[in-house]
Amino acid sequence: MRELAIEIGVRALLFGVFVFTEFLDPFQRVIQPEEIWLYKNPLVQSDNIPTRLMFLPFLALASRRSTWLASCTASLRVGGGRAGGSVPPSCPYTAP
């Protein structure tokens, strides 16, 4: 019960900080003359962003999961879900 009271108190405190900061005046950054050159970078016409590299981890995990599910399904078809059969313990559904 005490943990619940602490949780409610922390959430109320965070909500109060949010409401307080929500109504403050917005912050406006003043750019100093010596740092203006940082914002004047030339526009590059041949901008190439390698999107294949961005999605490689996702594709690797997706193919690994489909292989894993196929092995579980195959072990269930062979008789792993019945009495005396063996199903890898990591398979999500082992009942017939």
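**Exercise 1. Which residues form a nonpolar patch on the surface, and about how much accessible area do they have together?**

*Solution.* Let us begin with what we are looking at. This is a predicted model, where local features need pLDDT of at least 70, side-chain atom pairs count only at pLDDT 80 or more, and totals for chains, interfaces and linings use all residues. Residues are numbered from 1 along each chain as its sequence is written, and side-chain values use heavy atoms, with hydrogens and water left out.

Step 1: learn the rule. Patches are made of residues with over 30% relative accessible area and no salt bridge; like charges are joined within 9 Å, and nonpolar side chains (Val, Leu, Ile, Met, Phe, Trp, Tyr) within 5 Å. A salt bridge is a side-chain nitrogen of Lys or Arg within 4 Å of a carboxyl oxygen of Asp or Glu. Areas come from the Shrake-Rupley method with a 1.4 Å probe, and for residues only the protein chains shown count as cover.

Step 2: read off the members. They are Ile49, Leu53, Met54, Phe55, Leu56, Phe58 and Leu59, with about 780 Å² together.

Step 3: Met54 belongs to helix H2 (residues 51-80); helices (H or I, at least four residues) and strands (E, at least two) are DSSP runs, numbered from the N terminus.

**Exercise 2. Find the salt bridges and describe their partners.**

*Solution.* Step 1: count. The whole structure holds 2 salt bridges.

Step 1: take Glu7 and Arg11, whose side chains meet at 2.7 Å, N to O. Both sit in helix H1 (residues 2-22), 4 residues apart, about one turn of the helix.

Step 2: check exposure, where buried means under 20% relative accessible area, exposed over 50%, and partly exposed in between (1.4 Å probe, protein chains only). Glu7 has 40%, so this residue is partly exposed, while Arg11 has 57% and is therefore exposed.

Step 3: turn to Glu35 and Arg29, which meet at 3.2 Å, N to O. Glu35 is found in the loop between H1 and H2, and counts as buried because its relative accessibility is 19%.

**Exercise 3. Describe the aromatic pair.**

*Solution.* Step 1: know the rule. Rings of Phe, Tyr and Trp (its six-membered ring) pair if their centres lie within 6.5 Å; planes under 30 degrees apart count as stacked, over 60 as edge-to-face and the rest as tilted.

Step 1: apply it. The search finds 1 aromatic pair. The ring centres of Phe15 and Phe18 are 6.4 Å apart and the planes stand at 40 degrees, so the pair is tilted.

Step 2: locate it. Phe15 and Phe18 both lie in helix H1, 3 residues apart.
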